Each structure stands twice: as C-alpha cells, then as structure tokens.
Amino acid sequence: EERWVACVWGQPGIGKTTKVKALRTTPVLWNGKEYPGWDVRDVPVAQFEEMGDIHGLPDKCLCVKKGTAEHWVSCELDILNGWKNDGWEVDYEKGTRTMYSPPDFVPTTPGPAVIIFDDANRTSQRILKGLMQVFQTHGTVSWKLPPGCVIVLTGNPGMQDFMVTELDEAIVQRMIHFTLVHDAKQWVEWAAAKDLDARGINYVARYPEMIVGPCLTSPRSLAKFFRFLKTVPSLNKPEDFRR
C-alpha cells in the first residue's frame, strides 16, 4: 500500500484544518468497500511537550501463552485476570518487559483514516525531531498506523511574523506540499450561502485585497465579525452597538 504524508500551508484562517476535516463526510472507496467518510483525528501537536505524548506511556508487561500463541499484556491485575479467565497462562520465566500504550489518536483498525497534526510547525523542535520517524515509517517504536491511515500536517508560512519552527530539508522532503490561497470571489459565494451580513459581503466584494489584509484580517476573522454585524440593524445608530 502506498503511504504518504501531506502538508497544507496557508495564511491563518484560510480554512486549512476545516478543509481536511471535511473528509469526515466525504464518501470514499477503500479495498472494495464504501465508507461514508474518513475517520479524521485532530492532533494539536503544538500542545505537546514530551515525546511520551506521541509514542504513549510505558507499561510493565508479562507474557501470556495458550498453546503456541503468546502475547505480552499489561501487569495490571484486572487485565491479567481477564486473559487468565480466557484460558491463557502467564509465562513468568520470560520475565517482564516495558512496553507502551499508544495514545488514543492512533487508529487501531484498518480503514480510511486521517491524522491531522495541526499547526505542526508551531510545535517544539524536540517534537518535530521525534515525528520524523512517523513521517517516514508511519509509526514509532511503540505503534504503527493501520493500513488506510494517512497523515496530514497544517502549517503557517515562515517568511512572515509567525511564531513557527522552521522545517529542515530532511523533514520537508518526507511529505507532499500544498498551499491554499484565498479567493475573494469564492469566499463571497460561501459567505452568502452561510447568510452572513450582506453589508460585510459587499465590502469584501468591493475590496477583495482586504480579505487577507494589513489590518489583521482573515477569512475566519471576517466571518466572525460579519456574524456579529448581522445582529446590528443599522450602522448609523451608535446605540445599536451597545446591546
């Protein structure tokens, strides 16, 4: 199976993450089976401080056997007793191992799935270095992504005043890159369909350069403001803004 990692670049508020999350309702055919959408898992890696957040937490494990089959399972009493009740025996001669419990954002079953490492270039260098193996092998020392699961990163460009971590060539070359750009005409059509304030929509249509402008505007911030503006019946009455 072909595995790939993609990175979606673009200005803040342009819809990078929203675009990927829309795959949840996008039908897909995988291995001859139709699915109503992708299993999309949003992982805000900028909030991660330790690699344990990526590869999971350590767990002391024992080996259990049934015939020729064997598994390493947690030493927690409830878990171990569950295996014993199913007819498995503990092989104490093999001693114990320290193994890892994968984080819950890692899918466990094959199928069309997407892990979004959101705002990936806003995480620390130590996390980025740890993710390099994930981009290359779709896994870590503790877990592997099941078939059908792909990785998508989002990031802001580094040439402006964004608090980002630059990606070196070794990381950049491990992924496919896409750049989203704003389109005022498409945004106006979207805003009209969302029933945003017509005065705001007309303003963007007249001054399209302001959709990502020098006044800290973005498609996201304009949408929020125009939703508020919808509640203001008149721009000529100051009292309307005091409600």
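User: How do you know what radius of gyration the protein has against a compact globule of 243 residues?

Analyst: Quick caveat: this is a predicted model. A compact globule of 243 residues would come out near 18 Å, but the protein has 24 Å. The C-alpha trace spans about 85 × 40 × 40 Å along its principal axes.

User: What makes up the secondary structure of the protein?

Analyst: There are 8 helices and 11 strands.

User: And what share of the contacts join residues at least 24 apart in sequence?

Analyst: Taking contacts between residues at least 6 apart in sequence, 69% join residues at least 24 apart.

User: Which residues have the most contacts inside the largest nonpolar core?

Analyst: That core has 27 residues, and the ones with the most contacts inside it are Phe105, Phe117, Phe135, Ile151 and Leu153. Strand E1 (5-9), strand E9 (113-117), helix H4 (125-137) and strand E10 (149-155) each supply at least two residues of it. H4 gives the most, with 6 residues.

User: What does phenylalanine 105 touch?

Analyst: Leaving out residues up to four places away in sequence, phenylalanine 105 touches Arg41, Val43, Phe48, Asp53, Ile54, Ile115, Phe117 and Trp143.

User: Which residues does the second, separate core include?

Analyst: Ile201, Ile211, Leu222 and Phe226 are included in that core of 11 residues.

User: Why is leucine 222 called buried?

Analyst: Buried means under 20% relative accessible area. Leucine 222 has 10%, so it's buried. The residue is found in helix H8. Not counting residues up to four places away in sequence, leucine 222 touches Trp187, Val204, Met210, Ile211 and Thr217.

User: What about proline 36: why is it called exposed?

Analyst: Set its relative accessible area of 67% against the cut-off of over 50%, and proline 36 is therefore exposed. It's found in the loop between strand E3 (33-35) and strand E4 (39-43).

User: Which residues does proline 36 touch?

Analyst: Arg24, Thr25, Thr26 and Pro27, not counting residues up to four places away in sequence. The C-alpha atoms of proline 36 and threonine 26 are separated by 6.5 Å, with the pair 10 residues apart along the chain.

User: What makes the phi of aspartate 119 worth a remark?

Analyst: Most residues other than glycine have a negative phi. Aspartate 119 isn't a glycine, yet its phi is positive, about 50°. This residue sits in the loop between E9 and H4.

User: Is aspartate 119 buried, partly exposed or exposed, and why?

Analyst: Its relative accessible area is 29%, which lies between 20% and 50%, so aspartate 119 is partly exposed.

User: Where is aspartate 195 found, and what is its phi?

Analyst: Aspartate 195 is in the loop between helix H6 (184-193) and helix H7 (198-206). Its phi is near 60°, a positive value in a residue other than glycine.

User: How far apart are the mean positions of the positive and negative charges?

Analyst: They're 5 Å apart, for 29 positive and 30 negative charges.

Key: Residues numbered from 1 in each chain as written. Predicted model: local features only at pLDDT ≥ 70, side-chain atom pairs only at ≥ 80, totals over all residues. Heavy atoms only, no water. Core = buried A, V, L, I, M, F, W, Y, C linked by side-chain atoms within 4.5 Å. Buried < 20%, exposed > 50% of the residue type's maximum accessible area, 1.4 Å probe, protein only. Helix = DSSP H or I, 4+ residues; strand = E, 2+ residues; numbered from the N terminus. Contact = heavy atoms within 4.5 Å. Rg over C-alpha atoms; globule rule 2.2 N^0.38 Å. Lys, Arg positive; Asp, Glu negative; His and termini not counted. Charge placed at Lys NZ, Arg CZ, Asp CG, Glu CD.
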